[in-house]
Amino acid sequence: MSRIPTKAEILDWISANPTHNSKRDIAKAFGIKGAARIDLKRILKELEAEGHLQKRKKTYRDPEQLPPVTVVQVKAPDEDGDLYARALEWHGEGEEPRILVLPRASDPALGEGDKLLVKLQKMQGEDHDYQARLIRRIGSNPKRVLGIYREGSEGGRIVPIDKAASNEWMVASDAANGARDGELVEAEQASPKGRMGLPRARIVERLGDPSAPRAVSLIAIHQHGIPDQFPDKVMAEADAAKPMGLKGREDLRDLPLVTIDPADARDHDDACYAHADDDPKNPGGHVIWVAIADVAAYVRPGSALDREARKRGNSSYFPDRVVPMLPDRLSGDLCSLHEGVPRPCIAVRMQIDADGNKIGHRFVRGLMRSAASLHYAEVQAAMDGDANEKTAPFLDDVIRPLYAAYEALTRARATREPLNLDLPERKIVLDDDGSVVSVAFRDRLDAHKLIEEFMVLANVAAAETLIKKRSPLLFRVHEEPTQEKLEALRETARAAGLNLAKGQVLQTRHLNALLNQAAGTDDAELVNISTLRSMQQAYYNPENFGHFGLALRNYAHFTSPIRRYADLIVHRSLISAHGWGDDGLTAEEIERLEQTATHISDTERRSMIAERDTTDRYLAAYLSERVGSEFTGRISGIARFGAFVKMDETGADGLVPVRSIGREFFHFDAEAATLTGSETGMQLGIGQRVTVRLVQAAPVTGGLELELLSIEDQKLPGGGGGSRKGGRRSPAGRTVKRKAAKSKLKAAKVKRKVERKRRK
């Protein structure tokens with residue numbers, strides 16, 4: 001039997017034989033005959049789909065032979081001082097193409113041996129074949145900045161929008177790319193230093209008016225490098241997709257599956273249905289169906305759609321827009337479980353007993369038809385006795401059985417005791433123009449919890465099935481807190497007069513006991529925030545390390561393949577494990593599971609940061625009209641340069657600069673997370689209740705500057721923390737000092753006690 005060459009061997013041969021690269025030539029070179037030619041054809045198609053090859057009539061060629069963007073190495077300057085370069089990816093026969101490098105004023109100095117990523121322009125009638133413009137020097141990966149362009153007499157400058165950026169950037173006149181004064185631009189560093197010692201940059205993209213309300217999320221998207229435009233090939237694949245029928249699927253269209261989502265949901269990728277179990281061996285039990293959109297049927301491994309979805313890793317959600325993982329033709333149409341429309345799905349039927357324990361499950365690949373698209377508020381209202389025209393027909397046969405099954409699951413949850421944080425989520429409400437109307441707390445209804453519990457159970461079932469079938473997958477991993485973070489949480493608990501058990505294997509029930517102690521007290525929010533900060537960040541991994549927060553041994557993401565690539569991997573693994581078709585997990589995907597896990601964990605963090613930055617900017621825009629107003633809040637963080645305050649009304653975080661607190665010097669204790677005045681002894685620490693005045697709000701950066709007015713209802717000493725009046729301290733100053741001294745003494749005792757135990 002003929003040996004099928006690897007993809008790397010085929011690419012190497014094509015590179016070495018650019019004029020003999022038809023399928024016939026390749027088969028002859030590797031001695032491939034008979035039925036083995038089918039495998040060769042498949043490999044060539046995969047290489048073409050992955051972008052490694054381009055087909056021209058009946059031949060294949062390496063598309064990396066002097067494409068529009070390529071890598072070159074600079075040669076020594078010629079006698080006229082011109083720089084030429086050789087193409088490192090040239091595999092053709094004959095004379096090597098002659099490439100002239102044309103540096104711009106804003107480009108860094110280039111020399112012999114430099115490797116460059118360049119954009120090529122084919123030339124005719126010149127003594128060189130190509131002209132090259134620098135994109136970046138290989139190995140340098142120049143920094144990029146998003147900011148406001150300001151024109152000057154000799155070029156201009158860029159004021160970064162990033163709160164953490166300290167320097168402005170200089171822009172040469174020939175590197176402005178036509179930008180106008182006040183425009184939002186993206187620029188790339190051209191050289192380390194320019195005039196006035198500032199880094200020099202060239203503008204690579206103009207993004208328009210930064211003051212437009214809808215520019216807020218656009219800023220975050222560009223700043224964090226989130227892809228927001230689909231390539232033409234991806235769109236073409238999505239547009240060519242067609243609705244799927246029943247062939248090869250189980251018919252689930254008679255099941256009254258319903259979707260329950262937010263009222264403004266942009267896609268519907270999960271549906272559910274429950275009923276009392278009629279199995280006499282399971283008295284009081286329930287059957288729960290969870291059906292998930294069969295995205296894998298449309299997004300095939302190695303396709304342009306698949307490559308783009310993996311690149312994005314997940315959808316990113318902003319108050320005014322979504323940057324989806326998949327084009328709208330799929331995410332909003334063919335893969336969305338719309339009411340009354342047949343849609344392909346992968347569903348799991350789960351049996352639970354009267355106490356909510358799962359006692360069995362099975363997966364099917366089916367065709368469903370959503371009986372109704374409902375939203376959380378109307379479902380909850382129906383259960384509370386206020387059904388509307390949409391929910392009334394489903395109340396007895398669909399909604400009540402869902403809640404009955406959920407009630408059983410809550411009993412199992414109480415036994416398992418996952419981490420039970422109480423952190424209200426705030427929602428930014430925009431008007432039609434994208435301006436902030438209000439900042440409200442998101443509702444936390446039983447309808448929300450019901451869907452969450454059903455999805456968790458389905459995710460567990462997926463992980464257990466694939467483990468049993470020994471099929472590779474990506475687990476959702478959440479490891480327990482580190483000892484350092486746990487000790488910091490204990491310090492916070494002690495300062496609040498609470499206790500976190502020590503000297504035993506940490507379980508979520510121990511943390512829940514701490515949260516229960518704090519519930520209803522002034523320190524409840526502080527303890528919840530501190531507990532959250534002590535947690536490790538969840539991530540994806542092909543190895544199973546369990547999920548600490550959910551108190552689950554086996555957990556994988558299965559329920560959101562429209563918006564998470566990890567779920568698509570799990571779907572493909574289920575397809576392979578059950579033998580449902582040829583669109584399951586491929587050997588190549590299995591080989592790079594670890595790389596995929598790392599990549600999509602990174603894209604998830606990228607989206608979280610971008611979404612948080614957008615929220616900060618919207619809040620700053622909302623509060624900009626209330627500069628000078630007073631707000632209550634709680635100190636949420638301490639740094640050498642000041643204290644961060646989370647304001648009660650909006651949840652926005654602002655900074656009280658240490659320079660604004662008083663004339664005295666403030667000592668920063670990183671371990672205790674405190675700032676202590678050198679004269680008054682006034683101490684700022686995490687969790688203290690404060691009143692602040694809004695001094696400045698910067699919508700472009702999302703920054704809020706605050707002035708501290710009082711701590712724990714006690715006004716600051718006159719003149720800023722430590723001033724004297726007629727040679728005597730103010731009563732408020734003495735009160736603050738006494739409280740601070742007691743707090744400091746208590747903290748010192750705790751610290752000494754901890755040190756003694758460590759030495760033992």
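This text walks through the structure above, from the whole chain down to single residues.

The model is predicted, so local features need pLDDT of at least 70 and side-chain atom pairs count only at pLDDT 80 or more, while totals for chains, interfaces and linings use all residues. Residues are numbered from 1 along each chain as its sequence is written, and side-chain values use heavy atoms, with hydrogens and water left out.

Start with the whole protein. The secondary structure comes to 17 helices and 34 strands. Helices (H or I, at least four residues) and strands (E, at least two) are DSSP runs, numbered from the N terminus. Of the 760 residues, 49% count as buried. Buried means under 20% relative accessible area, exposed means over 50%, and partly exposed lies in between (1.4 Å probe, protein chains only). The protein exposes about 37300 Å². Carbon and sulfur atoms supply 48% of that area. Accessible areas come from the Shrake-Rupley method with a 1.4 Å probe; for residues, only the protein chains shown count as cover.

Now look at contacts, meaning heavy atoms within 4.5 Å. Take those between residues at least 6 apart in sequence. Of these, 65% join residues at least 24 apart.

Next, find helix α6, residues 304–312. The helix is mostly covered: seven of its nine residues are buried. They are A304, L305, D306, E308, A309, R310 and R312. What do these buried residues pack against? Their partners are α5 (232–240), β18 (321–323), α7 (328–334), α14 (565–578) and α16 (593–623). Just after α6 comes G313, with a positive phi of about 80°.

Move on to the strands. Two strands pair if DSSP finds at least two bridges between them. Strand β20 (residues 358–369) pairs with β13 (residues 250–251) in the parallel sense, over two bridges. There, E250 stands opposite G366 of β20. Strand β20 also pairs with β19 (residues 342–352), in the antiparallel sense and over 11 bridges. In this pairing, R349 of β19 faces R362 of β20. The hairpin of β19 and β20 has five residues between the strands. In that hairpin, G356 takes a positive phi near 85°.

What about cysteines? A disulfide is a pair of cysteine sulfur atoms within 2.5 Å. The structure holds zero disulfides. C345 is buried, at 0% relative accessible area. C335 counts as buried too, because its relative accessibility is 2%.

Last come the salt bridges. A salt bridge is a side-chain nitrogen of Lys or Arg within 4 Å of a carboxyl oxygen of Asp or Glu. By this rule the count comes to 38. One of them joins the side chains of K7 and E46, at 3.0 Å from N to O. The pair links distant parts of the chain, 39 residues apart: K7 sits in helix α1 (residues 7–16) and E46 in helix α3 (residues 36–49). Is E46 buried or partly exposed? E46 is partly exposed, because its relative accessible area is 27%.

The side chains of R564 and D567 also form a salt bridge, at 2.8 Å from N to O. Both R564 and D567 are buried.

Another salt bridge joins R494 and E487, at 3.6 Å from N to O. R494 is partly exposed, with a relative accessible area of 28%. E487 is buried, with a relative accessible area of 12%. Salt bridges that share partners join E487, R490, E491, R494 and K502 into one network.
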